[in-house]
Amino acid sequence: MANIPLQTVSVDEPVGQTKQSYTPALLSLAVLYFMMGFITCLNDTLVPFFKKGFNLTYSQSSLVQFYFFLTYGIMSIPAGKIVEKVGYKTGMVLGFAIAAVGALLFFPASALHLYALFLGALFVIAIGIVLLQVAANPYITVLGPAQTASSRLTLIQGVGSMGTTVAPLFGAYFILAPLANASSDAVRYPYLGIAGLLACIALVLWRLKLPVIRASADLNTHAEEPDKSVFAFRNLRFGIGGLFCYVGAEVSIGTFLTNYIADTLRISENEANSFVAFYWGSMLVGRFVGAGLLKTIRPASILTVCAVLAIALVLFSVNTTGYVAVWSMIAVGLCNSIMFAIIFSLSVDGLGKFTTQASGLLSTAIAGGAVVSFCQGLLIDHFTWPIAFMLPVVCYGYILFYGINGYKANAYTNPPLH
């Protein structure tokens, strides 16, 4: 893989710390990504939980994901400005603190058994997660050699996949198992525990001495041309659409996978939810493998192959039955594993001083998780599973385009090999 000139930075090291001693920062980011993955994936358990507990349609239950990921569209750009002013570390601390407040709100929501209050609590949690995303993604990319940015981001996201793998098992045991009581009490104490843990992490992170990294001019990138804006970069413009489609496809499949498996195998939601751990677990395996592959293989080539495989697996799943259909859909997680890191790094390639601003715009595109999952819920309500899953197929089709051509800074010239 050729160099990815994300950003020229200057690093202000805490006393006694050298430029090579990034271990505390990377460990902090690993914990951060674990919790982000755990909290986000736990929404996949909340969807069938609220659907049955409040007697909702698929589209109504998908509002869990809609309001959670809609926050990215509303808050990402403001969050980017906040991070620019307060710095990466303070931005991450604020993110954990706000997410803790949102988790605490599950207590009154469960006490009153009101779906609207749960959605409000999830919206607050999502604000914290957005701050974490906007602060952490560019921090990882500049915390080390630029040429290994995709590999580094994929590796840290692999730790996040541990959280997404644990979340369905946690949800199946602590949330879906007592669902027969038709009460929202099952989510009260798990989320109180999550709130306490998030508050502790915020406190520990605040006390850690981490490298202070700030953007500076990069004279080797086109980003310094005075007449250019962040939207002048073709790879970013198409990259925003790529991330929208990727998150939309990943979230919509994860959101309805429990119900899809339950209907396909004719088993309970509690039993089906355990299978979802394999969907996210395959992303865990894929990210660790991908972190190694991305050091030697062009990211755009890997993205193209994964998009083709994802399309093939979804189409194969909806045209088969039983365990073949289930495991085919679960295997899509392996294809998803490296997509975010590759699309993100290719999108900010050569942006120089615009990298932080671009991170906010790219995080806005994560709202695709809201739009695509809600639209798929409507399709399931009115049509069939095979028709509904054509929506993720379309999303992967766009990602295929980005891997072949969309990532290029100039469509008419040969770009650097990434």
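Student: Which helix holds S373?

Tutor: In this predicted model, S373 lies in helix α16, residues 368-382.

Student: Why is S373 called buried?

Tutor: Buried means under 20% relative accessible area. S373 has 0% relative accessibility, so S373 counts as buried.

Student: What is S373 in contact with, beyond its neighbours within four places in sequence?

Tutor: The partners are S62, Q65, F66, V251, S252, T255, F256 and G368.

Student: How much of the protein chain is buried?

Tutor: Buried residues account for 56% of its 418 residues. The chain has 18 helices and 2 strands.

Student: What makes α4 roughly antiparallel to α8?

Tutor: Helix α4 (residues 88-104) packs against helix α8 (residues 188-207) at an angle of about 165°, and their axes are 8 Å apart. Angles over 145 degrees count as roughly antiparallel, so α4 is roughly antiparallel to α8. The crossing of α4 and α8 is left-handed.

Student: Which residues make the contact?

Tutor: On α4 they include M92, V93, F96 and L104, and on α8 they include L192, I194, L198 and W206.

Student: How do the residues of the contact of α4 with α8 divide into nonpolar, polar and charged?

Tutor: There are 18 nonpolar, 1 polar and 2 charged residues. Among those in the contact are K89 and T90 of α4 and R207 of α8. Lys and Arg count as charged.

Note on methods: Residues are numbered from 1 along each chain as its sequence is written. This is a predicted model: local features need pLDDT of at least 70, side-chain atom pairs count only at pLDDT 80 or more; totals for chains, interfaces and linings use all residues. Side-chain values use heavy atoms; hydrogens and water are left out. Helices (H or I, at least four residues) and strands (E, at least two) are DSSP runs, numbered from the N terminus. Buried means under 20% relative accessible area, exposed over 50%, partly exposed in between (1.4 Å probe, protein chains only). Axes are lines fitted to C-alpha atoms, for helices over the stretch in contact, and angles run from 0 to 180 degrees between N-to-C directions. Angles under 35 degrees count as roughly parallel, over 145 as roughly antiparallel, 65 to 115 as roughly perpendicular and the rest as oblique. A crossing is left-handed if the near helix is turned anticlockwise from the far one by less than a right angle, and right-handed if clockwise. Contact means heavy atoms within 4.5 Å.
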